[in-house]
Structure formats: structure tokens, C-alpha cells
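Reader: I would like to go through this chain with you and ask, point by point, what stands behind the words used for it.

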Amino acid sequence: MSTTTGVHALVRRTHEERVLAALRAGGALSRSELATRVGLSRTTLSEITASLLRRGAAVVVDTDAATRSGSGRPAERIALDPGAGQFLGVDFGHRRVHVAVADASHEIIASGVQPYDDEPWPARVELALGLVDRLVADHGLHFGALQAVGIGVPGPFTGGAPGGTPVAWNRHATPDGVQAAFAERFGTPVVVDNNTRLAALAEAVSHPGGPGDLVYVRLSDGVGGGLVVSGRLVLGARGYSGELGHVTADPTGVACRCGKRGCLETVASVPAILAACRRRGAAVDDLDGLAAAVEKGDPVVDAVLREAGTALGRVLGAAAMVLDPVEVVVGGEVAHVAPVIVEQAAATLRYELYSVPTDVPRVVRASQLGDRGGALGALAALFHRSPLLAGYPEPEAAGPHHLRRSAQ
């Protein structure tokens with residue numbers, strides 16, 4: 001990738017994105033047709049197309065011999081290479097890894113999921129790389145033009161803090177070697193951040209018009225969150241912004257793995273909900289069992305979910321009172337198999353904010369991205385040029401394997 005920096009690099013990225021957009025919209029085009037569409041000089045366009053061809057982002061598919069009139073040598077027609085993986089997004093959950101591959105026009109061209117047990121990080125990395133290899137084989141992909149890799153890991157994790165050293169909270173296992181393993185395998189810049197914060201970024205990017213203020217919480221094996229304030233993804237002074245899972249929901253509650261008691265994670269995470277159902281006599285051992293119980297209308301399960309939704313609504317209400325977001329989004333497996341938890345959280349949040357006068361309806365909804373949010377957010381962190389990422393670390397400040405923004 002180019003090491004050019006400053007204004008020249010920004011201008012070049014802008015020109016390149018215009019060329020990529022023209023190829024995406026128009027299909028195979030000659031250089032002359034591209035120049036007409038994007039309004040660039042022949043010299044500038046020649047440099048950009050040469051770079052795209054060299055990196056494998058585009059290929060020469062044919063010539064315009066069949067359509068051109070007059071004499072002269074037929075002109076080559078250039079198109080995006082459908083098999084060129086340009087960006088790789090990886091989301092490590094507690095029990096699965098999700099991988100998504102995007103092409104030069106930022107379209108998803110392949111994705112997959114690999115489940116695992118509570119494996120150590122080296123084993124998780126090997127499973128993730130094995131999944132990447134299968135996607136390459138199944139979809140006929142190549143990574144010769146890969147520009148960057150984005151990786152989400154379970155938090156709390158400060159990988160996105162400007163100028164900070166990536167670390168996890170001291171009671172959480174640090175994902176040792178993840179960044180180095182991917183950098184060594186692909187020889188490209190790698191950025192690592194909290195996967196729930198990346199999922200919040202994906203929600204904000206996918207929202208029509210882009211909401212200025214959004215609170216996101218994901219209910220999975222753990223509970224995490226992310227904040228978008230005034231159109232920016234908020235990292236916080238130390239990179240811990242959005243850790244709603246470790247806000248105290250019940251001061252007399254059970255011990256949390258973070259060392260406190262009664263965190264939201266001890267009430268609204270998947271393991272906490274399943275355990276509460278079993279304590280009350282409901283034979284629910286996994287998410288499939290929970291979904292079946294919800295479908296059947298099991299009153300015990302419904303009561304557990306409503307209690308968890310109430311606790312979630314109180315925490316979200318406190319966040320909404322401080323931040324006054326336009327939208328609150330609840331993601332994670334539970335939100336999809338048990339929508340009552342979102343409904344109860346929304347009702348509780350409305351009660352918590354009842355005294356706040358407003359003419360703007362506050363939207364509380366389940367995520368539309370499902371389990372893909374973390375991997376899609378990892379991709380968005382690589383190629384999304386927007387105020388959402390203002391303050392996101394440049395590679396010079398964050399270390400040699402972090403994202404080079406010239407990859408955008």
C-alpha cells in the first residue's frame with residue numbers, strides 16, 4: 001500500500017474511490033469511458049488504474065473491439081475483480097468467530113462462522129484462519145490485493161484508544177498474539193478493537209442518513225455496548241467507553257467476572273438468562289431451548305426475560321438520560337430469539353424518561369444486522385471515511401500493525 005501521507009494521499013484516495021464507484025456502477029469500462037465518468041486527467045487515471053490492476057483490485061476483461069467505430073487499436077476494458085478480497089473483518093466471540101470479506105467497492109463477497117468452545121486464543125486464531133482458508137476455496141477468492149484486516153475481540157479492550165497500548169481489563173484474558181498472527185499471515189496492517197463497539201459502528205453506518213446519537217448494547221455470552229455521540233464513535237479517555245455490561249444493575253446481585261456484583265452482564269447475558277430459567281424450574285439449556293420456550297409461551301421463561309429486560313431498560317434509561325440519543329439498539333442472540341426482552345427494555349426506558357419533554361420519538365429496536373454486526377463493524381473501521389471515526393488511531397500513533405488509513 002502507498003505510504004504517501006497528507007493532502008496528496010487524501011486526494012489520491014478520493015480519486016481512487018471515484019474510479020471504484022464508476023466501475024461498480026458501470027461494469028467493464030475503457031479508460032476513456034472512466035475518464036469521462038469521473039472527470040480525471042488521463043495521467044491521473046492511468047496512475048490509478050495501474051495501481052488497481054497491480055494490486056488485483058481490478059482486471060482487464062476484454063476490449064471494446066466489438067462496439068467501437070473507426071480504426072485504431074481496440075481499448076482495454078477494466079472491471080472490478082469479483083474474487084479479490086480487499087478487506088477482511090473478523091469478530092471473535094466467546095464461542096464463535098465470524099469472518100466477512102469485502103471487495104474494492106466495499107461489498108461483502110463472502111462470510112462464514114466457525115463455532116468453538118472456550119478455547120485459548122492461539123486455538124481461536126487457528127480456527128479463524130482455517131475459516132478464512134475455507135472461504136477462499138469455496139468462493140474462489142484471493143488476497144493478493146488485501147489492504148487491511150479489522151479484528152473485534154470480546155471486551156473490555158482498549159485497542160481503539162488513541163495512542164494507547166491495546167490491553168484488556170486485568171480480570172479478562174488478553175487476546176495475546178491475535179494482531180501479530182494476522183499481520184504475519186497476510187503481511188498487511190491490522191487493527192484490533194472491542195467487537196461490540198465495532199458492532200455499534202456497523203449499526204450507525206448502516207442507518208439511513210446516519211444517526212447523530214446512538215446507544216448500542218449487545219446481549220450475548222457477555223454484555224457490551226457502544227456509543228455514537230454527535231456523529232462520532234466514542235472511545236473514551238482510556239478506550240472503555242460503552243461498557244454497559246459492567247454497569248451495576250443489582251447491587252445485591254451475584255458476583256460478576258469483572259470482580260463487582262450485580263453487573264448488567266450477570267442479569268441479561270445469555271448464560272445469566274439460561275441459569276435464571278433453570279433455577280426456576282424451566283428446562284432451558286441453550287438458545288434453541290430458550291427460543292422453543294418463548295414460542296410455547298412458557299410463563300417462567302417469560303418472567304425471567306421480562307426481569308432481564310427491566311434491568312436492561314434501567315441501565316439504558318440512565319445512558320439515555322445522559323446522552324439523549326435518537327436511537328437505542330439492542331443486538332445479540334437474545335434480542336432475536338426473545339423479542340420480549342427488547343419490548344420490556346423499551347417500556348422501562350420510556351418510564352425512566354417519562355419526565356423528559358420531547359417531540360422526537362425515541363426509537364428502541366432490535367439490531368437488523370444479527371450476529372454479523374461485529375465483523376461488519378471491523379470492515380467499516382477499515383474503509384469508512386466519516387466523522388464517525390474522527391479520533392480513531394492512525395498507525396503512526398497506534399503501532400506498526402494498526403490500520404493505515406491510506407487503505408480506505
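Reader: What is the handedness of the crossing of α4 and α5?

Author: In this predicted model, the crossing of α4 and α5 is right-handed. The axes of helix α4 (residues 121–139) and helix α5 (residues 178–186) cross at roughly 35° and come within 10 Å.

Reader: Which residues of α4 and α5 make the contact?

Author: On the side of α4 the contact is made by W121, V125, A128, L129, V132 and D133, and on the side of α5 by V178, A181, F182, R185 and F186. By class, the residues of this contact divide into 9 nonpolar, no polar and 2 charged.

Reader: How do α2 and α3 cross, and at roughly what angle?

Author: The axes of helix α2 (residues 31–38) and helix α3 (residues 42–55) cross at roughly 115° and come within 11 Å, and the crossing in which α2 passes α3 is right-handed. R31, L34, A35 and V38 in α2 meet L45, T49 and L53 in α3, and the residues of that contact divide into 5 nonpolar, 1 polar and 1 charged.

Reader: Why does T310 count as buried?

Author: T310, which lies in helix α10, has a relative accessibility of 18%, and buried means under 20%, so T310 counts as buried.

Reader: What makes the pair T310 and Q344 a polar contact?

Author: The side chains of T310 and Q344 are joined at 3.3 Å, and the cut-off for such a pair of N or O atoms is within 3.5 Å, so the value of 3.3 Å meets the distance condition for a polar contact. With residues up to four places away in sequence not counted, T310 touches Q344 and T348.

Reader: What span is expected for helix α10, and what does it reach?

Author: Helix α10 (residues 299–323) has 25 residues and reaches 35 Å from its first C-alpha to its last, which is close to the 36 Å expected at 1.5 Å a residue.

Reader: What is found at the start of α10, and what just after α10?

Author: At the start of α10, a side-chain oxygen of D298 reaches to within 2.8 Å of the backbone nitrogen of V300, while just after α10 a positive phi of about 50° is taken by D324.

Reader: How many helices and strands does the chain have?

Author: The chain has 14 helices and 13 strands, and 52% of its 408 residues count as buried. Among contacts between residues at least 6 apart in sequence, 64% join residues at least 24 apart.

Definitions and conventions:
Residues numbered from 1 in each chain as written. Predicted model: local features only at pLDDT ≥ 70, side-chain atom pairs only at ≥ 80, totals over all residues. Heavy atoms only, no water. Axes fitted to C-alpha atoms, helices over the stretch in contact; angles between N-to-C directions. Helix = DSSP H or I, 4+ residues; strand = E, 2+ residues; numbered from the N terminus. Left-handed = near helix turned anticlockwise from the far one by under 90°. Contact = heavy atoms within 4.5 Å. Nonpolar A, V, L, I, M, F, W, Y, C, P; charged D, E, K, R; others polar. Expected span 1.5 Å × (residues − 1). Polar contact = N/O pair within 3.5 Å; in protein donor to acceptor, adjacent residues only side chain to side chain. Buried < 20%, exposed > 50% of the residue type's maximum accessible area, 1.4 Å probe, protein only.
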